[in-house]
Amino acid sequence: MDKNLLQYKGSKKLMAIIALITLGQSAAIIGQAVYLARAIVSMYEGAASFAVLSSFAYFLGMFIIRHFLQWLKSRLAYRFADETARRLERLLIEQLFQLGPRAVGKHGSGNLVTLAIEGIPSFRTYLELFIPRFIAMLAIPIPIFLYVFSLDRLSGIILALVIPIMIAFLILLGLAAKKQINAQMGTYILLSRHFVDSLRGLVTLKFLGRSKGHRDSIETVSDKFRIATLRTMRVAFLSGFSLDFFSTLSVAVVAVELGLRLIEGNILFEPALAILILAPEYFFPIKDFGNDYHATMDGKEAGKQIHRLLEGENVVGDSSVSLGRWDGKSTLVVRGLEKKSEEGERILYPIDFTVNGFQKIGVVGLSGAGKSTLIDILSGFSRASLGTFRINGSEIPHFSIPDWLNQVVYIPQHPYIFSGTVVDNIRLYEPDAPMDRVKEVVEKTGLSQLIDSFPNGLDERIGQGGRSLSGGEEQRIAIARGLLQNRPIMIFDEPTAHLDIETEHDIKRMMLPLMENKLVFFATHRLHWMKNMDHIFVIENGQLVESGSHDQLMEKKGAYYRLVQAHQGGERNGIV
């Protein structure tokens with residue numbers, strides 16, 4: 001059983017209700033067997049038709065009750081599974097948004113896409129089938145055994161001896177199946193990642209003339225998944241056959257034993273027939289559980305992966321901390337900020353700084369110096385290993401608290417354009433924003449001319465399956481998304497690193513007015529932005545080695561001065 005099964009909302013109540021219903025179902029199964037045996041024996045002995053019909057009527061009533069209770073169990077299990085899967089799906093999506101692009105890249109976008117699209121339905125199926133099957137495996141055989149034992153001890157002993165053998169065999173097959181299913185899940189994740197990457201890179205592959213050659217790679221990955229699936233199905237079919245064989249053999253043993261004793265006159269015909277009818281019902285829940293076990297293993301594994309993702313990197317902070325909206329009088333104090341890797345290697349050394357009100361702060365340094373790590377911490381995508389942080393005098397444990405995140409606009413280097421209309425992409429974070437507000441941010445970000453050129457205007461489809469955009473156009477849409485949120489803090493992580501210099505200067509002219517009356521953290525290696533910043537942080541080998549305005553740092557002729565000189569030398573040589 002999954003260790004998280006009892007932690008889901010309403011799971012204990014559901015299991016108690018299903019257990020009671022299953023006990024009622026087991027009583028109906030016993031009654032069904034008793035009245036069927038009585039009817040058959042009465043007909044064999046030549047009893048009156050009234051007596052036979054009444055027994056058949058009771059049998060029919062028990063049959064209806066049994067299957068009604070089965071339907072009720074399935075209905076309750078489905079409702080619980082659907083609600084729990086939807087809740088877990090919502091938590092997963094929220095967690096993915098909280099983790100941010102770097103953590104998503106770490107786990108693999110293909111893996112997370114598979115988990116969200118395929119894993120959740122598999123997990124729903126697992127809950128829907130596992131709970132009633134598992135309870136039935138416990139709650140039906142025990143009452144049947146007690147009833148058979150009360151009728152005939154020898155038959156009860158035979159049933160008791162056979163059941164542990166079946167369960168032990170079921171466990172052995174489960175262990176073998178688990179190994180195969182883990183291998184299948186690994187190849188399925190590989191296939192999903194490859195599929196997502198192929199879709200995203202299809203345009204590039206066609207442009208380079210490599211799309212046909214990519215078919216061999218797709219065929220290889222698909223073939224690995226086919227082989228793993230066939231191996232898993234082989235184990236599943238073998239286990240199903242084995243369970244059927246053992247249950248049929250056990251019923252045959254009971255039938256032979258009852259037949260011999262019936263001939264010798266050691267047991268009456270009616271109880272012997274009732275026991276023979278109940279014997280398959282005794283083994284059926286175990287066989288049913290074994291057959292569905294393989295069908296639900298991938299759902300169980302998907303649930304484990306989702307829980308590892310939710311528990312292993314919980315970045316959602318304490319919602320009880322209230323900071324108030326950032327304004328011109330607000331203050332952020334950071335002391336002793338450190339960040340270490342999972343291996344314990346220090347990425348950022350103790351960093352101290354204070355920010356007051358609305359400022360534009362540039363964060364510069366060589367590649368790998370720690371700029372993006374600092375930006376990730378301030379954006380709430382990761383947490384510092386050490387440090388104390390105060391906002392307006394209130395101490396916060398990290399920057400992942402909702403009251404900080406709800407004031408932050410994050411603009412990455414490569415914003416994602418989803419398949420949809422222009423207006424849907426701009427409204428990504430504010431789906432209910434009025435059209436007047438959308439048109440206002442379109443005007444501010446310089447998208448009006450582009451949108452006017454589209455036949456459908458704001459309703460033009462872009463992204464996958466739609467019109468492709470240039471890097472500068474994508475960046476403008478990302479900035480429009482941020483402006484639509486109307487938040488006082490803007491954090492940029494290399495927003496123009498992938499743009500040519502002409503496009504970057506166009507973006508720059510558009511962006512600078514939008515940064516007024518905002519707290520801005522702007523990480524970049526394009527140093528021409530720094531003349532427009534109020535303050536500059538210079539990161540070198542994970543340390544904040546200098547801070548100040550552009551003019552102050554140039555006068556010091558320290559780390560920033562050397563960066564500028566190297567940058568200008570690169571420009572002269574055509575490197576930058």
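Val-422, Leu-447, Leu-450, Ile-451, Phe-454, Leu-469 and Ile-477 line the largest cavity of the structure. The structure is a predicted model, in which local features need pLDDT of at least 70 and side-chain atom pairs count only at pLDDT 80 or more, while totals for chains, interfaces and linings use all residues. Residues are numbered from 1 along each chain as its sequence is written, and side-chain values use heavy atoms, with hydrogens and water left out.

The volume of the largest cavity is about 30 Å³, and the structure holds 1 cavity of 30 Å³ or more. A cavity is here a set of points, on a 1 Å grid over the protein atoms alone, where a 1.4 Å probe fits but cannot get out; lining residues have an atom within 4 Å of a point. Grid points are joined across faces, edges and corners, and the volume is the space filled by probe spheres set on the points. The lining of the largest cavity consists of 7 nonpolar residues, with no polar and no charged ones (nonpolar: Ala, Val, Leu, Ile, Met, Phe, Trp, Tyr, Cys and Pro; charged: Asp, Glu, Lys and Arg; polar: the others, Gly among them).

Two helix pairs were examined for packing geometry. Helix H12 (residues 435-444) and helix H14 (residues 471-485) have axes that come within 9 Å and cross at roughly 130 degrees. H12 and H14 are therefore oblique to each other (angles under 35 degrees count as roughly parallel, over 145 as roughly antiparallel, 65 to 115 as roughly perpendicular and the rest as oblique). The crossing of H12 past H14 is right-handed, meaning that the near helix is turned clockwise from the far one by less than a right angle. Helix H1 (residues 11-45) packs against helix H4 (residues 141-151) at an angle of about 40 degrees, the axes being 9 Å apart. This angle makes H1 oblique to H4. H1 likewise passes H4 in a right-handed crossing. Axes are lines fitted to C-alpha atoms, for helices over the stretch in contact, and angles run from 0 to 180 degrees between N-to-C directions.

Positive phi values occur at two non-glycine loop residues. Glu-494, with a phi of about 50 degrees, lies in the loop between strand S9 (489-493) and helix H15 (501-514). Its relative accessibility is 10%, so Glu-494 counts as buried (under 20% relative accessible area, with exposed over 50%, for a 1.4 Å probe and protein chains only). Asn-541 has a phi near 55 degrees and is located in the loop between strand S11 (535-540) and strand S12 (543-548). Asn-541 is exposed, at a relative accessible area of 61%. Helices (H or I, at least four residues) and strands (E, at least two) are DSSP runs, numbered from the N terminus.

Notes. On a 1 Å grid over the protein atoms alone, a cavity is a set of points where a 1.4 Å probe fits but cannot get out, and a pocket is an open set with protein on both sides within 12 Å along at least five of seven lines; lining residues have an atom within 4 Å of a point.
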